[in-house]
Amino acid sequence: MGLGKSYNYCLRLIQAAQTAYLLIQQKIDRLPTCESQIRPIAQMLPKDKFGNISTFDINPSAPSADYLWKQALKNADEKNSCIITTDLVKSTVDAELDLQTKQQQERKRKVVKTYRTNALAG
């Protein structure tokens, strides 16, 4: 790849910049200061076939980039840490995705229960 950088490294930088741009559009005051801080958020966002972050295919039930970043900032404040680490952001993203998965499973259980109840009644 050009500039003596690997393709994957350049792609990570581009994705981080695209994610930071999403945060800027949402008027976030405290932005990430390096690519590694935003990488966990960028990794979970939908991408097109070229690896660019797609703002058109965003799942409305998935947590947004600005929500995840705000949660990471909140977690840092709760820990009295002025340093936002990759691990802190990753743990925030993982916790939110776990919560989302649990909510989806609960919705599926409710649908199955309703279907079974209706099938037995009908």
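In the predicted model, helices α3 and α4 cross in a right-handed sense. Helix α3 spans residues 65-78, and its axis lies 9 Å from that of α4. The angle between the two is about 120°. The pair is therefore oblique. On the α3 side, the contact is formed by Tyr-67, Leu-68, Trp-69, Gln-71, Ala-72, Asn-75 and Ala-76. Helix α4 contributes Leu-88, Val-89, Thr-92, Val-93 and Glu-96. By class, eight of these residues are nonpolar, three are polar and one is charged.

Helix α2 (residues 35-44) also packs on α4 (residues 86-121). Here the axes come within 7 Å and cross at roughly 25°. Because angles under 35 degrees count as roughly parallel, α2 is roughly parallel to α4. This crossing, too, is right-handed. Ser-36, Gln-37, Pro-40, Ile-41 and Met-44 of α2 meet Thr-86, Val-89, Lys-90, Val-93 and Leu-97 of α4. The residues of this contact divide into six nonpolar, three polar and one charged. Val-89 and Val-93 of α4 take part in the contact with α2 and also in the contact with α3.

The buried residues of α2 are Glu-35, Gln-37, Ile-38, Pro-40, Ile-41 and Ala-42. They pack against α1 (7-25), α3 and α4.

Five salt bridges are found in the whole structure. One of them joins the side chains of Arg-39 and Glu-35, at 2.7 Å from N to O. Both residues belong to α2 and sit four residues apart, about one turn of the helix. Glu-35 counts as buried, at 15% relative accessibility. Arg-39 is partly exposed, at 26%.

The side chains of Asp-94 and Lys-90 form a salt bridge at 3.2 Å, N to O. These two residues are four apart in α4, about one turn of the helix. Asp-94 is partly exposed at 33% relative accessibility, and Lys-90 is partly exposed at 42%. Lys-90 also belongs to the contact of α4 with α2. Further along α4, Glu-106 and Arg-109 are three residues apart, about one turn of the helix. Their side chains meet in a salt bridge of 2.8 Å, N to O. Glu-106 is partly exposed, with a relative accessible area of 36%. Salt bridges with shared partners also link Arg-12, Glu-35 and Arg-39 into one network.

Conventions
Residues are numbered from 1 along each chain as its sequence is written. This is a predicted model: local features need pLDDT of at least 70, side-chain atom pairs count only at pLDDT 80 or more; totals for chains, interfaces and linings use all residues. Side-chain values use heavy atoms; hydrogens and water are left out. Axes are lines fitted to C-alpha atoms, for helices over the stretch in contact, and angles run from 0 to 180 degrees between N-to-C directions. Angles under 35 degrees count as roughly parallel, over 145 as roughly antiparallel, 65 to 115 as roughly perpendicular and the rest as oblique. A crossing is left-handed if the near helix is turned anticlockwise from the far one by less than a right angle, and right-handed if clockwise. Contact means heavy atoms within 4.5 Å. Ala, Val, Leu, Ile, Met, Phe, Trp, Tyr, Cys and Pro count as nonpolar, Asp, Glu, Lys and Arg as charged, and the others, Gly among them, as polar. Buried means under 20% relative accessible area, exposed over 50%, partly exposed in between (1.4 Å probe, protein chains only). A salt bridge is a side-chain nitrogen of Lys or Arg within 4 Å of a carboxyl oxygen of Asp or Glu.
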